[in-house]
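Try each task before you read its solution.

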Amino acid sequence: MAVSTAGYAVVSDRRGQVAVARARRAAGRGLVTLARSVLIFVPVFLVATFATFALRAISGLSPAQIQLGESATPEAVARIEQEWGLDRPFLAQYWTWFENILHGDLGASWANGADIATLIGNGLSISLSVATAALIIGIVGGFALGALAALRRTTWIDRAITGFTTIISVTPPFVVGIVLVSIFAVGLGWFPSAGYVPASAGAWPWLSHVLLPALALSFDTVADVARQLRAGLIAAYQENYVIGAVVRGLSPRRIFFRHVLRNGTGPALAVLGLKFPMLIGSSVVTEWIFGLQGFGRFANDAAQAGDVPAVQGVLVISIVLVVTFNLIVNIILARVTPASQRGL
Amino acid sequence: MVRRILGLNAGRIAVGVLSVIILLAALGPVLAPHDPLETSPQTLAGPSWSHWLGTDYLGRDVFSRLLDGSRTSVLGALQVVLIALVVGVIPGILSVYLGRLFEWCTLRITDTLVALPFLVYAVAVTALLGNGIPQAMFVVGVLVSPLFYRVSRAATLAVARSQYVEAALIAGASVGLVVRRHVWGKVLPPITVALAYTIGTGFVVVSSLTFLGIGVQPPAPTWGGLLASALGYLAYQPWAPIAPAVMIMATVWGSNLLADAIRDVSGEAGRALLNSRRARAHRAGTVDNPEPLSVGGAAR
């Protein structure tokens with residue numbers, strides 16, 4: 001009796017040790033993935049910020065043109081450039097600017113001296129709501145269509161889905177946006193055609209303003225995720241372990257969720273990481289169509305006004321967003337399909 | 001190659017659509033029934049015999065503007081492709097041969113370029129470096145070049161490890177000779193596929209920029225500009241966005257189709273396709289030999 005309880009204790013203790021060791025290994029793997037991804041993205045960030053900063057020097061624009069107009073005396077121009085620290089050596093300017101970015105300070109706008117980080121922060125909440133909604137629609141829609149097409153492959157459902165994804169993949173977001181506006185906002189009057197209401201004003205008013213732009217942005221993602229998932233799942237279905245599972249008599253549902261889905265999602269997830277820059281880029285156009293005062297609109301306005309620090313701030317923020325999103329995708333990818341780590 | 005592409009239905013459609021677009025770009029101003037800039041008192045008129053697609057808010061003929069605007073889009077898309085080709089392919093092939101430092105640097109630079117949202121950059125750079133489609137397309141071309149870099153690098157890596165290249169190197173061939181004789185032929189098909197896809201991307205970017213009014217002077221007609229003005233008068237002419245939108249979609253679809261067709265007829269997949277075709281033709285007792293049509297510059 002005593003012996004057997006001791007035996008149980010030993011067994012459960014060993015089980016606990018195994019579980020702890022496994023968890024530790026998983027955590028270690030996660031950290032290694034994170035470290036590797038960060039190592040890749042640090043040079044990316046350095047090069048990208050440098051290219052961004054060099055834009056001012058290449059463009060030859062100066063705050064004096066915005067503040068004083070064309071007919072400024074050279075002395076006044078020199079005085080203003082000195083105020084903004086533009087007479088210092090290029091690399092010294094870059095270093096100060098870079099240090100400020102690391103502290104979250106994006107500098108002041110040339111046009112009105114306002115703090116750029118605050119300006120971008122105002123628009124970012126709008127753009128991120130739209131982009132997140134678009135991502136959710138893209139992932140849900142893409143996975144549903146892709147999985148359905150793969151499960152019913154070579155039937156009319158598969159062909160209909162493939163045709164649909166082909167059509168929506170060649171439709172630029174702004175065309176989708178115009179079509180949506182003319183049907184649902186102007187034609188049927190179900191949704192407001194422009195503007196934004198913060199989520200604090202209620203869930204439905206917020207959603208009704210976000211849904212159409214998000215839909216317009218999501219089409220491209222839906223198409224790409226669906227196509228990659230379909231190809232990935234069909235490839236996974238032809239693997240020997242699936243045949244083995246069928247032979248062992250496992251249910252189709254279990255085979256799909258345990259064996260095929262996990263191994264077939266890799267390409268779709270990888271594509272998702274590449275889609276995020278597209279989402280940010282397309283937001284410039286969709287926000288214009290839907291009259292949203294977001295990040296993309298701010299980028300457009302600042303660029304057309306020649307407000308270089310504001311444009312640089314926008315570009316830095318978009319780089320940070322893209323890099324962060326890719327880090328997340330890499331970590332998920334490493335969890336789902338460990339083999340993908342070899343590619344890093 | 002061209003003949004094989006035209007043997008496929010998808011290839012014929014793609015070449016047809018793209019040749020029509022190129023013809024429009026070349027002959028648009030000649031074919032246009034009206035001066036695209038000429039205003040008239042009949043504003044926002046519906047389609048009629050003299051104005052096939054109606055008139056816009058200044059009374060200008062929409063059909064003529066559509067024809068005239070195709071030139072900007074085609075030239076812009078071609079510029080994106082050419083720049084991406086030069087900036088992407090050459091470092092892509094050389095990265096295999098020029099040592100680890102060069103390889104590491106170019107890989108990091110491509111990682112960076114992929115991470116940049118190119119529409120935001122195109123907007124920023126166009127506004128800062130001077131308002132013009134060429135500047136914008138230069139930036140877009142550089143930002144989409146990683147596709148070409150990766151494609152050509154992957155193809156070169158595959159060739160560089162093959163035995164006949166090793167044999168050539170042992171026999172004393174220089175790197176330049178190996179690239180010209182062996183690598184180029186293998187790298188060309190995947191690059192052509194990427195090229196056709198990029199043409200589609202280029203069209204979307206040009207139309208997006210012109211839609212925002214970036215890179216063009218106001219009276220000049222563009223597809224994106226037509227869409228923007230159609231959007232402003234949606235309540236009067238709800239059908240107005242259809243024509244320019246269909247033009248953009250058809251072009252993008254045509255170039256994607258062309259890319260798929262080239263992929264299907266080149267390399268291993270192409271050989272398999274060709275063999276199965278020949279077998280079928282043999283069984284049917286007829287020799288299937290489609291006459292090569294005259295094709296535009298896009299079908300290479």
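**Exercise 1: a helix and its buried face**

In this predicted model, Gln93(A), Tyr94(A), Trp97(A), Phe98(A) and Ile101(A) are the buried residues to look at in α4(A). Work out how they are arranged around the helix axis, then check the helix length.

*Solution.* Start by looking down the axis of α4(A): the buried residues fall within an arc of 130°, so they line one face of the helix. Next, take the length. Helix α4 of chain A covers residues 90–102, which is 13 residues, and at 1.5 Å a residue it should span 18 Å. The end C-alpha atoms are 18 Å apart, in agreement with that value. Finally, step past the helix: Gly104(A) follows α4(A) and has a positive phi, near 85°.

**Exercise 2: a nonpolar surface patch**

Which helix gives the most residues to the nonpolar patch? Then classify Leu31(A) as buried or exposed.

*Solution.* First list the members: Leu31(A), Leu34(A), Val38(A), Val42(A), Leu46(A), Val47(A) and Ile109(B) make a patch of about 540 Å². Helix α1 of chain A, residues 2–59, contributes the most, with 6 residues. Leu31(A) sits in this helix α1. Its relative accessible area is 57%, and the cut-off for exposed is over 50%, so Leu31(A) is exposed.

**Exercise 3: annotated spans in chain B**

Take the spans 12–32 and 164–183, among those listed as "transmembrane region" for chain B in an unreviewed UniProt entry. Describe each one in the model.

*Solution.* Residues 12–32 of chain B are 95% helix and 0% strand, with end C-alpha atoms 27 Å apart. For residues 164–183 of chain B, the figures are 80% helix, 0% strand and 11 Å between the end C-alpha atoms.

Terms used
Residues are numbered from 1 along each chain as its sequence is written. Chains are lettered from A and ligands numbered from 1 in the order in which they are written. This is a predicted model: local features need pLDDT of at least 70, side-chain atom pairs count only at pLDDT 80 or more; totals for chains, interfaces and linings use all residues. Side-chain values use heavy atoms; hydrogens and water are left out. Helices (H or I, at least four residues) and strands (E, at least two) are DSSP runs, numbered from the N terminus. The expected span of a helix is 1.5 Å times one less than its number of residues. Buried means under 20% relative accessible area, exposed over 50%, partly exposed in between (1.4 Å probe, protein chains only). The arc is that of the directions from the helix axis to the C-beta atoms. Patches are made of residues with over 30% relative accessible area and no salt bridge: like charges are joined within 9 Å, nonpolar side chains (Val, Leu, Ile, Met, Phe, Trp, Tyr) within 5 Å. Accessible areas come from the Shrake-Rupley method with a 1.4 Å probe; for residues, only the protein chains shown count as cover. A salt bridge is a side-chain nitrogen of Lys or Arg within 4 Å of a carboxyl oxygen of Asp or Glu. UniProt positions are given in the numbering used here, feature names are shortened, and annotations may be inferred rather than shown by experiment.
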